[in-house]
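Subject: Structure handover

Hi,

Here is the structure I promised you. Please open it first, then read my notes below.

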Amino acid sequence: MKAAIVVFPGTNRERDMAIALRSVTGQAPAMVWHRDAALPAGLDLVVLPGGFSYGDYLRCGAMAAHAPIMTAIREFAQKGGHILGVCNGFQILTEAQLLPGALLRNASLRFLSQDCFLRVERNDTPFTRHWAKGDVYRTPMAHGDGNYIAEAETIRMLEDTGRVAFRYVAENGRMDAGDPQLNPNGSMNAIAGVFSENLRICGMMPHPEDLVDPLMGGEDGKPLFTGLVEALVG
Amino acid sequence: MSAKAQRPVDEALAREFGLTAEEYGKVLAIMGRTPSFTELGIFSVMWSEHCSYKSSRAYLKTLPTTAPWVIHGPGENAGVVDIGQGLAAIFKMESHNHPSFIEPYQGAATGVGGILRDVFTMGARPVANLNALRFGDPDNAQTRRIVDGVVRGVGGYGNCVGVPTVGGEINFHPAYDGNPLVNAMTVGVARQDRIFLSAAAGIGNPVIYVGSKTGRDGIHGATMSSSEFDEDALAKRPTVQVGDPFVEKLLIEACLELMATDAIVAIQDMGAAGLTSSAVEMAGKGGVGIDLDLDNVPQRERGMSAYEMMLSESQERMLIVLRPDRTEQARAIFDKWELDFAVIGHLTDTGNIVIRHKGAVEADIPLAPLADQAPVYHRPTAPAQPPLPMEPVIDPVGTEQALMRLIGCPDLASRAWVYNQYDSTVGGQTVRRPGAADAAIVKVEDTELGLALTTDCTPRYCRANAKLGGAQAVAEAWRNITATGARPLAVTDNLNFGSPEKPEVMGQFVDAIAGMGEACRALDFPVVSGNVSLYNETRMPDGTSQSILPTPAIGGLGVLDDVRLAVGLEMPDGCDIMLLGETKGQLGQSIWLREILGSQDGEPPTLDLAAERRNGDFVRELIGQRTIIACHDVADGGVLVAVAEMVMAGQAGCVLDSPQSGMRPEAFWFGEDQSRYIVAVRDGTALAAMAERAGVPCRRLGRSGGQGLTLPNGSTISKERLVAVHSEFFPRLMDR
């Protein structure tokens with residue numbers, strides 16, 4: 001799988017993402033600079049990693065969505081390319097309107113760095129094929145603005161068309177969007193990640209890339225990456 | 001303020017700038033004339049307590065600073081130790097106490113930013129942050145505001161720069177009501193052959209300014225940090241700097257990119273006293289002169305005077321001496337990161353610092369006497385008031401209730417509310433997150449090495465007996481590193497005390513250093529970097545001032561050759577739970593005595609450094625052999641609190657035996673005897689035999705398993721109840 005990681009000024013989880021990708025592909029991903037005009041040729045996957053692009057000034061992801069490289073990323077998306085956006089990457093994808101909705105300040109108004117449990121809502125996508133539908137996996141989250149919101153109509157559309165990728169739940173899979181223990185940042189419908197209409201773009205707030213090694217506490221996040229490799233190389 | 005509006009320089013102005021009459025006399029003698037306004041400003045900040053260490057320097061020299069694995073000790077921006085495989089760990093801890101009382105968010109944030117720069121300026125990529133925080137009485141109206149701001153500030157900065165915050169400590173005590181302590185520590189990793197120092201060299205070489213623009217913020221911050229607060233402390237807000245972690249992140253990446261070339265001759269961050277101290281120290285250390293033209297300094301505001309630019313403490317700035325032919329190569333890197341880059345001067349052979357602004361020479365000071373004739377004080381000391389002897393105690397509440405009160409009290413309650421606001425996983429190398437082990441464990445990327453990191457100090461012991469307290473802080477750091485299986489290498493110290501002009505405070509300072517030195521020597525655990533923060537006083541309504549508890553915070557660093565061997569608190573089922581180290585049942589200065597009987601009496605527990613070393617070496621060896629599966633040192637709250645923490649950290653419960661110790665239950669369970677570890681092993685009998693051969697006291701406490709903590713009387717406290725009580729304090733204080 002040929003992957004590229006896009007680096008904006010203030011991106012800070014590009015190394016984590018590179019380690020995760022390297023662990024499943026055996027090769028280092030290309031690092032793409034925000035001012036580049038083009039993506040490397042022949043890419044299978046573009047990743048927008050976590051961090052604080054442009055310091056999160058103005059709004060999280062707002063300035064990055066207008067960076068020079070985003071033109072190439074839009075073209076890549078239009079041609080059906082696969083894109084994963086994690087944390088700030090998810091925020092950038094919503095600001096760039098490649099994914100619907102927006103990420104508000106956490107309901108607690110505090111940064112949240114803790115493990116959470118995510119329920120896999122469908123497993124017929126390149127991002128989720130190595131899980132079963134309804135599987136629950138643990139992953140670290142670390143963000144101040146992860147409270148997913150969209151207009152009621154958009155939420156209904158996402159739900160009706162199966163575009164919710166992951167939800168915050170209890171370890172046993174129970175969801176309660178009103179319980180801050182289970183839905184820590186207050187997201188609507190406890191949504192932790194969504195897909196694009198063609199299921200080739202996935203944005204999510206938590207960090208599966210930080211849980212791909214037993215030494216760091218587990219490999220719970222690894223199926224996302226092994227699944228991508230299988231889907232995109234196969 | 002234009003130069004014309006500046007007041008004439010005289011002794012009265014010098015006093016306002018924080019210089020004594022005698023110090024001003026020295027300035028006149030060095031200059032051979034009346035100094036200019038800017039020159040006086042430079043002298044006053046360079047000779048401030050904060051920059052000159054004038055009250056502490058004579059004593060700091062007594063600390064051990066060398067070992068075969070020490071590459072650079074004190075004197076550089078941070079300490080450097082060999083961790084193997086050609087790599088070095090670079091680390092330091094520094095205080096930002098005064099700004100954090102005035103403006104907690106920015107005070108704490110810029111504290112983190114400053115210590116990060118001290119580390120990456122030496123060529124290291126920062127891999128971990130820790131912080132040692134001391135706050136006032138939770139019931140004091142100011143405390144909540146300060147805790148909130150400091151925690152947000154630490155997180156706001158550290159999270160954005162993408163360096164994981166992995167550990168630290170927090171205490172509450174009324175002595176910190178008007179003077180919280182914010183001690184931030186950064187650890188970085190560099191190749192040993194790519195370590196950058198600050199001594200300037202090469203006459204004619206260009207002096208480069210990079211990073212943020214200079215504004216009027218933080219002018220005279222170093223002087224503020226060298227004086228007591230008065231009732232107008234909050235009016236000093238303009239002297240607090242404002243941080244921009246986004247620029248810091250760019251600066252880290254740009255500097256590391258430049259450091260991968262051979263363009264740099266010397267580099268230093270602009271910290272306290274900004275451009276003044278970086279220019280003076282770099283040129284001074286290199287034995288050269290330096291000529292700066294302030295017209296070229298990137299400025300955020302209009303009409304700044306030379307004085308203002310030289311004393312500004314605007315954040316996220318670095319000073320670099322480059323090889324002459326590498327200016328354009330360096331400029332391209334900083335252009336890429338969209339950071340200011342300006343040639344603001346060059347090195348000279350005059351031995352003077354010369355400051356030009358708008359065609360005029362604003363300052364011309366000989367560097368050697370500025371450094372060599374900086375004041376050094378041997379201030380008078382007096383013995384501190386010893387604690388009252390401890391009255392014979394009777395336990396009024398019983399073991400179970402005492403345990404529940406202790407695990408819920410401010411000093412022992414869960415810190416999850418705090419560390420869950422700090423990104424502890426960014427970087428993908430965090431092997432043990434906060435609370436999971438006695439020291440945080442961070443893997444060194446692309447190697448099998450692990451760093452074990454901790455901060456420690458028990459201020460109430462230090463107040464009762466500063467020498468013992470200083471030694472105990474070092475021993476506890478060593479112990480916490482040992483309890484993970486790591487080999488302790490070195491410490492950074494952050495010495496927070498009250499006014500050195502109070503003889504009893506100066507006495508505490510001198511004693512604490514003596515104790516630290518003794519422990520460092522006994523444990524081969526040298527001091528490689530550090531920081532002194534004096535004048536930590538709160539002005540009381542009656543005009544007196546109250547000193548903080550003496551708080552020599554120790555930041556310890558150890559290494560694991562194989563990070564996979566690290567152990568934490570979590571016990572598997574079916575282990576023998578054993579106590580290593582001697583239990584005498586000392587309750588003086590214990591948390592139990594304070595929380596249950598409201599007494600702060602008695603001598604702190606004794607510390608036998610030979611036993612410390614023997615017990616620790618034994619534990620470390622057995623962790624390395626995988627005989628010890630889980631380990632926790634016994635600290636605040638004693639044995640029962642430590643066992644409860646192990647139960648809360650994992651899935652397994654614990655069933656305790658009756659100790660048969662011959663001492664009262666509260667003394668056995670809550671005494672704070674030092675140099676002890678609780679370990680989980682498969683075969684307790686075998687461990688006891690090994691311990692006996694090694695001369696390490698060993699006794700069985702019980703067995704892991706079950707669903708909670710079962711006390712010797714058969715009563716079981718569920719894990720859920722332990723966790724609930726342990727977790728109550730912070731949310732109750734902060735989210736009300």
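Buried means under 20% relative accessible area. Keep that cut-off in mind. Also note that this is a predicted model.

**The annotated active site**

UniProt, in an unreviewed entry, places the feature "active site" at A:Cys87, A:His207 and A:Glu209. These three span 123 residues in sequence, yet no two of their C-alpha atoms are more than 11.0 Å apart, so they gather at one spot.

Take A:Cys87. Its relative accessibility is 6%, so A:Cys87 counts as buried. A:Cys87 sits in the loop between strand S4 (82–86) and helix H3 (88–95) of chain A. Not counting residues up to four places away in sequence, A:Cys87 touches several residues, among them A:Gly50, A:Ala142 and A:His207.

Now A:His207. This residue is in the loop between strand S11 (201–204) and helix H5 (222–233) of chain A. A:His207 is buried too, at 0% relative accessibility. Which side chain does the side chain of A:His207 meet in a polar contact? That of A:Arg13, at 3.4 Å.

**Cysteines**

A disulfide is a covalent bond between the sulfur atoms of two cysteines. B:Cys160 is buried, with a relative accessible area of 3%. B:Cys698 is partly exposed, at 24% relative accessibility. Its closest cysteine sulfur, in B:Cys631, is 12 Å away, too far for a bond.

**A helix to check**

Look at helix H8 (residues 141–161) of chain B. Its 21 residues, at 1.5 Å a residue, should span 30 Å. The end C-alpha atoms are 32 Å apart, which agrees. B:Asn140 caps the N-terminal end of H8(B), with a side-chain oxygen 2.7 Å from the backbone nitrogen of B:Gln142. After H8(B) comes B:Gly162, which has a positive phi near 80°.

**Nonpolar cores**

In soluble globular proteins, nonpolar side chains tend to be buried together. Here the largest nonpolar core has 99 residues. A:Phe8, A:Ile73, A:Leu84, A:Phe166 and B:Phe334 touch the most other members. Helix H10 (residues 245–259) of chain B gives this core its largest share, 10 residues. A second, separate core has 86 residues, including A:Leu215 and B:Phe497.

Best wishes

Methods: Residues are numbered from 1 along each chain as its sequence is written. Chains are lettered from A and ligands numbered from 1 in the order in which they are written. This is a predicted model: local features need pLDDT of at least 70, side-chain atom pairs count only at pLDDT 80 or more; totals for chains, interfaces and linings use all residues. Side-chain values use heavy atoms; hydrogens and water are left out. Buried means under 20% relative accessible area, exposed over 50%, partly exposed in between (1.4 Å probe, protein chains only). A disulfide is a pair of cysteine sulfur atoms within 2.5 Å. Helices (H or I, at least four residues) and strands (E, at least two) are DSSP runs, numbered from the N terminus. The expected span of a helix is 1.5 Å times one less than its number of residues. A polar contact is a pair of N or O atoms within 3.5 Å; within protein, one must be able to donate a hydrogen and the other to accept it, and residues adjacent in sequence count only if both atoms are side-chain atoms. A nonpolar core is a set of buried Ala, Val, Leu, Ile, Met, Phe, Trp, Tyr and Cys residues joined through side-chain atoms within 4.5 Å. UniProt positions are given in the numbering used here, feature names are shortened, and annotations may be inferred rather than shown by experiment. Contact means heavy atoms within 4.5 Å.
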